[in-house]
Amino acid sequence: MLFPKFLIFFLLSVVFQESALAVKKSYIVYLGAHSHGPEVTKADLERVKNSHYELLSSFVESEEKARDAIFYSYKRHINGFAALLEEEEAAEIAKHPEVVSVFLNEGKKLHTTRSWDFMLLANDGHIPPSSIWKKARFGEDTIIANLDTGVWPESKSFSGEGYGPIPSKWKGKCQLDDKAKFPCNRKLIGARYFNKGYEAYVGKLNSTFNSPRDKDGHGSHTLSTAGGNFVPGANVQGVGNGTAKGGSPKARVASYKVCWPVVDGGSCFYADILKGFETAIQDGVDVLSVSLGGKPTYYFTDGIAIGSFHAVKNGLVVVAGAGNSGPSLGTVSNVAPWIITVGASTIDRIFQANVKLHNGVIIKGTSLSKALPHNKFYRLINAAHAKAPNSTVEDAILCKPGTLDSNKVKGKIIVCLRGDTARIDKGLQALSAGAAGMILANDNSTGNEIIADVHILPSTHINYKDGQILFAYVNSTILNTKPAPIVANFSSRGPNVITPEILKPDITAPGVNIIAAYSEAPSPFDKRRFAFIAESGTSVSCPHVSGVVGLLKTIHPKWSSAAIRSAIMTTARTRDNTMKAMVDSSNSKATPFDFGSGHIRPNKATDPGLVYDLTVNDYLDFLCGIGYNETVIRQFSGSAHNCPKNYSLLSFNYPSITVPNLNSSAVTLTRKLKNVGMPGTYVAYLRQPKGFSASVEPKTLKFKKIGQEKTFTVTVEKTRGSKDFEFGLLTWTDGQHYVRSPVLVYEAGVSY
């Protein structure tokens, strides 16, 4: 068939226009590890950068286009680059034999239950003062850093007064602020920012983004929680007064700003996260706290998993939040086995803001807002009865913007239902409508979980059952509340949907209503300024564990990251302060899907007796076991690795034991314990998972010296079986130490 010339020209023109308008997105091209050693020269770095240009130029027609496309080259520890590419180009690059993976530069979330969608808070290191601080000299030999929203250096939590010289191993720096040098000191020894990945997604940034200064508070909270200095007299509007301190109060701290204002649900982009990991490794960080993440994904397309592997390989310990997508099962993030993954639980303290009814009944609530006048009663109105003319009852009861009628609300205390919008924003809507105060009542899904927010107006937060009425209240802090700890409703749960054989989270730590340092930067949404503030989330619990890791690194400098994790996990507690089994926010018995091995006990972790240790080679064997071939693993690790034959993931030497999809046949798995204490004889005790039988061989292990390792096996088989996830417990004890491992077994076909 013949086409007129003008039609051919038109068709070609359309094709050219479509090609010219092809959308480019930012991708990570991950090439694994580098072949050069730790002592890298400028020539080495230049060679790596040129190799990235050379590789990309073969797909984008010229080296000039390759140079224009690449906005990060990872040259020291992580091998790869971040570039703007068309989807077809990315797909072709992924086929190249030198490429491990190609994945989108996606934005990850900060792990907190935010009062504003863009505002995060953390905690006061609520690990009781104890002998561990004396043993570790308050963590003074450790450098702790976070990947987060930056740091507020003027906070007293980062005061350098009284500190000696900066450790000689430190290679980091403070980047310049807009006008003057960033005020680091002998405590806050480094601050950097990385925003090219964010810029590649949102477009050109102005100069205000070129700073490691914390503007939303999250980074200051997490860093001060992990390593903040002692600050007497810290409080939030007079509530919770005491001494703020981090888990390692005398550690040196550094901040790597990789998170920015939220766009499309994310604020921390993989390209910047990877640059932060690489820089932290190079700078000499010991512990890296990562209070961010997203939906779990496969390890070689997960920037946090990749960055943390290279960090652990280079001697760092990486601690990350489990996420705030609970209580649904299968929501836990940061599941790579080389990461310490932390869930959140409560502490034995509440900020009480009671509701006194006219009939004398008292309903317990919580808040950090200012109180209404004492002994004065106010009329109460249900937000559903205060809806504006053009609003729905469903929106009004949630106190959404523009849904409240000020003529109905003015001067009254309004009751709003929790959900859909930020908790503090509901108070802002109530205040805008003229309310004198607000009660925030939980819905059924949030149950008994109540959060102490710094509300805009006098407010209190009450649970689902008590979610009715108040007239007046007064703030107070109550200590030694029972029961505690309780697993937080928001804390993400197992099972691990990427590798079911690895139980995640690993541990829980304080993450509800915790006080820590905050940013005093201007905010367009809240004109108040706080040096300290309280909030909740696994963003908060994660740096608690990071701080404890800093202490353990000081006490046991030769312990591996895996040994430290094992010590923390096997000494955790699963009972609350009433000596009953821990529960969740609905008062249901909690399981290892909720708390991993349990709630952290720092003192016990200093002397665990035995540990389940792992090396980099063990992690590579693990990757072999989940299906990666030796070629990919060699690129990933930077050295040759022979995958073991007949390898079983069940025998990966993790401190917890998981047997998924058990059929009618018995399975036997292997574990190895290393003695890190005095010589002794340990005896095994095994609590059977319901519907299954399990046995240990040998039942006794005798250790004659420190560092000695002993192997044992566990055999599991179905008796009557179960249609649910079943849990048991393996304990090795010498009468002084109790080395506990949760045991999870379930049949094929069990779902959540």
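Modeller: Before we start, contact here means heavy atoms within 4.5 Å. This is a predicted model, where local features need pLDDT of at least 70 and side-chain atom pairs count only at pLDDT 80 or more, while totals for chains, interfaces and linings use all residues. Residues are numbered from 1 along each chain as its sequence is written, and side-chain values use heavy atoms, with hydrogens and water left out.

Biologist: OK, Phe 277 then. What is Phe 277 in contact with?

Modeller: Skipping neighbours within four places in sequence, the partners of Phe 277 include Ile 78, Leu 147, Leu 288, Val 290 and Val 318. Each has heavy atoms inside that limit, so it goes down as a contact.

Biologist: What makes something a nonpolar core?

Modeller: A core is a set of buried Ala, Val, Leu, Ile, Met, Phe, Trp, Tyr and Cys residues joined through side-chain atoms within 4.5 Å. Buried means under 20% relative accessible area, exposed means over 50%, and partly exposed is in between (1.4 Å probe, protein chains only). The largest core has 65 residues, and Phe 277, Leu 292, Tyr 299 and Trp 338 have the most contacts inside it. Helix H8 (residues 270–283) gives the most to this core, seven residues; helices are DSSP runs of H or I, at least four residues, and strands are runs of E, at least two, numbered from the N terminus. Apart from that core lies another, of 29 residues, with Ile 144 and Val 342 among them.

Biologist: Why is His 455 called buried?

Modeller: Its relative accessible area is 2%, which falls under the cut-off, so His 455 is buried. His 455 is in the loop between strand S22 (437–441) and strand S23 (459–462). Leaving out residues up to four places away in sequence, His 455 touches Ser 367, Ser 369, Arg 423, Ile 424, Met 438 and Arg 528.

Biologist: Arg 423 comes up there. How do you know that Arg 423 forms a salt bridge with Asp 453?

Modeller: The rule asks for a side-chain nitrogen of Lys or Arg within 4 Å of a carboxyl oxygen of Asp or Glu. For Arg 423 and Asp 453 the closest N and O atoms are 2.6 Å apart, so the pair qualifies. Arg 423 lies in helix H12 (residues 423–432) and Asp 453 in the loop between S22 and S23, so the pair ties together parts 30 residues apart in sequence. Arg 423 and Asp 453 are both buried. By this rule the count comes to 20 salt bridges.

Biologist: And Arg 137 with Asp 141: why are those two called partly exposed?

Modeller: Arg 137 is at 36% and Asp 141 at 43%, so each sits in the band between buried and exposed. Their closest N and O atoms are 2.1 Å apart, which makes a salt bridge. Arg 137, Glu 140 and Asp 141 are linked in a network of such bridges.

Biologist: What about Lys 504 and Asp 506, buried or exposed?

Modeller: Buried: Asp 506 has a relative accessible area of 0%, and Lys 504 also has 0%. They form a salt bridge, with the closest N and O atoms 2.8 Å apart.

Biologist: Last one. Why is helix H14 called largely enclosed?

Modeller: Of its 10 residues (561–570), 10 are buried, so H14 is largely enclosed by the rest of the structure.
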